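Subject: Two-chain structure for your review

Dear colleague,

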Amino acid sequence: MSKLTASIKDALVSAGVRDGMTLSFHHHLRNGDAVLVMTVTALRELGIRDITLSASALFQVHAPIIAAMEDGTITGIETGYAGGDMGAAISAGKLQRKAVFRSHGHRPADIEGGKIHIDIAVIAAPTSDPEGNCSGKYGRSACGSLGYAMPDAQFADRVIVVTDNLVDYPLVDFSIPETQVDYVVTVDSIGDPRGIVSSTTRITRDPVGLRIAKYAADSILHSGLLKDGFSFQTGAGGATLAAAMYLKEIMLKKEVHGSFCMGGITGYLVDMLESGCFESLMDVQCFDLTAVESLRKNPGHREVSATQYASPTAKSCIADRLDAVILGATEIDTDFNVNVHTDSRGVIMGGSGGHSDVAAGAKLTIIAAPLIRARLPLIVDRVNCISTPGSTVDLLVTQYGMAVNPLNRELEQRLRDAKLPVVDIRELQARAENLSGRPQPLIMGDRVVADVLYRDGSLLDQIRMKELL
Amino acid sequence: MIRSMAFLPGNTPNMLINGDSFGADALILDLEDAVAPSQKDSARILVRNYLRTHKDHSGTLVVRINSTDTDYWREDLQAVLPERPDCILPTKVDGADMVRLICREMEAIERACGMETGSVGLMPLLETAMGIEQAFAIASASPRVKALVLGGEDLTADLHSKRTKEGMEILYARTRLVCAARAARVEAIDTPFTDVNDMEGLRADAAFAKGLGFGGKLVISPRHIDTVNEVFSPSQEEIDYAREVLHCIAEAKENGLGVVALRGKMIDAPIVARAQQVFDAARTIYGDIF
């Protein structure tokens, strides 16, 4: 019997969709994704209610589903990240039930452990054959790795692949095998390529970002970890990518041959691979076309599942093998707890993603962020939401110097010996407040709109309702 | 010691707030070229408030005021002088009279505010042919003058020449300015390197200026600061040699020797003086690790 189905609606019906089910989605199409909204539209047309969305991340492009949150089609969301209006809608209490935030590593752990039961996984695939062998590496909507979709495909009761590039059987270089797929749907477009991956990744020219990046790279240099076999992860934004640029210069100059880079892969990390800084790239997600092309062509660039990336219940995972990671923060407190969930108003604007996973796994966790952002100080007495516990953070790097977590005395001594500008985190806080003033305390509503779970399943924090005026 | 002097536009709060994180030895809060006429007022207020909240700033704070042929320079001084910047950087200075004019205005403001007169220094920016020809007179016009600063861009326009990366067109101005500054016992600061992305060119240009005798360099991009600081700092080789020279001289004195040689070369007074300069500079930059 053919797996090809005429529409997403037909596939949902064939998969036995009904009220109260959990449907899952990956976020490899990022802010270009059209499949999640198309699926929710089909659910509304079918009159299905009380759905839980288990999405590895949600972006502004998904905002049309807010109407489905308001009319009871979607009553629960479990995710690793909610950006733009999606975060604001959760904060405003538009869901009937509390949202649940899990890290990128905790999500597959709970899928495999049965705490998240996926009834139907809807997998947007840039290329698929008629039996569902599918990949993100090919097609006009290519996104590279499909790592976040792998546990969903493996453990969901029913799997629907949605593609806009159906190729003849067999698609040899598949990421998800036909053995896991029930239905294949062809649509005109699974998304807007401009929002899926950027054509190039640019390194910041902002002098503040560059100063922070230089300090972050210098701190790795003097941490004692930068030697042959070194492993590293960094993000794609602002200062963190610039830190990779400085790190590359250092590694080439000192002839350090690293082992692997984990990511979130950008063209810049591909360049480090091709320059000989690292032996391999382990790729759970591509951020630009250079990364997609590298994944397609370079055997040293390997696609990995979210489970292998960071699951705390896997027999082993890559996050636990990292030497150094550079991460961002919207707030950090004097105990080094980091907030990446809510903005300065207390409104949800993101989520952990893999933040807390790699912070826990890496030997050296660096938070790199400007001391003042839009006239608000980075360092506060207590973060509005704990996304990553301070006990897993080693170092805060700002343009005004770096603060070492007192739990890591050895690192502090090494950085001081290298004459890097080490200061107490409270001194940095005072410096910022001297320039910007002390922010007014946030006034939040009583209703809890989201639980933030740690990667071991414990409740890390709760986010309360905040409706924007 | 000023190796790098970085411009910060006086009308951009974000740059001002982060200015002292870039590692420049001196910051120039700019009220002149970087600020459009319609924003002169707000820039003055921002710069005044910056000076007010940065009393404990560890580096040198300099304010570039508008030239004396505009209506702005007196208001600039009135706004910022009471906040006690380390120096004022007047532009297009072309003679001792202009220095004296500015000094009179500064003195009047200082008296009105109950400040010690002469407490704020001057770093005249020489960016005209006349200014270069009058360099020594300018440097000697007032004890407030702490340094002569070269502005190569405006100068080349005045010279009817084209500004190049090689800089042969300003070679005379550079050497003339250094000589005048050193003769007047004030510091000499070089013109900025204007290609923000050419780090190799910056390094070569700064090294050339250092070789001519400049003590530091203007910087128009924060990205240039580290390189300029590095070039104008004594190298490890220079420090090692200075240490050897001073050690040799101390030993000779102890043994009552009048003439000593090091590495086959006579150590005379200029070599000792240069070694002491390097030693002092290294101590200032590197502190106790030196």
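Chain A carries 45 positive and 55 negative side chains, and the centres of these two sets are 5 Å apart. Here Lys and Arg count as positive and Asp and Glu as negative, while His and the chain ends are not counted; each charge is placed at NZ of Lys, CZ of Arg, CG of Asp or CD of Glu. In chain B there are 32 positive and 43 negative side chains, with the centres of the two sets 2 Å apart.

Please note that this is a predicted model, in which local features need pLDDT of at least 70 and side-chain atom pairs count only at pLDDT 80 or more, whereas totals for chains, interfaces and linings use all residues. Residues are numbered from 1 along each chain as its sequence is written, chains are lettered from A and ligands numbered from 1 in the order in which they are written, and side-chain values use heavy atoms, with hydrogens and water left out.

Chain A

The secondary structure of chain A consists of 15 helices and 25 strands; helices (H or I, at least four residues) and strands (E, at least two) are DSSP runs numbered from the N terminus. Along the principal axes, the C-alpha atoms of chain A fill a box of roughly 70 × 50 × 40 Å.

Of the 469 residues in chain A, 62% count as buried, where buried means under 20% relative accessible area, exposed over 50%, and partly exposed in between (1.4 Å probe, protein chains only). The chain exposes about 17,600 Å², and carbon and sulfur atoms supply 48% of that area; accessible areas come from the Shrake-Rupley method with a 1.4 Å probe, and for residues only the protein chains shown count as cover. Among contacts in chain A with a separation of 6 or more, 72% are accounted for by residues 24 or more positions apart, a contact being heavy atoms within 4.5 Å.

Thr388(A) lies in the loop between strand 21 (379–380) and strand 22 (395–398) of chain A. Thr388(A) counts as buried because its relative accessibility is 0%. Leaving aside residues up to four places away in sequence, Thr388(A) touches several residues, including Phe336(A), Asn337(A), His355(A) and Leu460(A). Asn337(A) is 51 residues from Thr388(A) along the chain, yet their C-alpha atoms are separated by 5.9 Å.

Chain B

Chain B contains 12 helices and 11 strands. For its 290 residues, a compact globule would have a radius of gyration near 19 Å, and the 20 Å of chain B agrees with this. Its C-alpha trace spans about 65 × 45 × 35 Å along the principal axes. Buried residues make up 50% of chain B, and its accessible surface is about 13,300 Å², with 53% belonging to carbon and sulfur atoms.

Ala206(B) belongs to helix 9 (residues 199–212) of chain B. With 0% relative accessibility, Ala206(B) counts as buried. Beyond residues up to four places away in sequence, Ala206(B) touches Lys217(B), Val231(B) and Phe232(B).

The interface

In the interface, 15 residues of chain B are in contact with 12 residues of chain A. The two chains bury about 1,200 Å² between them, 54% of it on carbon and sulfur atoms; buried area is the accessible area (1.4 Å probe) that two parts lose on being put together, summed over both. Ile17(B), Ser21(B) and Arg223(B) supply 36% of the area that chain B buries against chain A, more than any other three residues.

Backbone geometry

Most residues other than glycine have a negative phi, and most peptide bonds are trans. The peptide bond from Tyr169(A) to Pro170(A) is cis, with omega near -5 degrees, and Pro170(A) is in the loop between strand 9 (158–163) and strand 10 (183–186) of chain A. Arg84(B), which is not a glycine, has a positive phi of about 55 degrees. Arg185(B), also not a glycine, has a positive phi of about 60 degrees and is exposed, with a relative accessible area of 73%.

Yours sincerely

Conventions:
The radius of gyration is taken over C-alpha atoms; the globule rule is 2.2 Å times the number of residues to the power 0.38.
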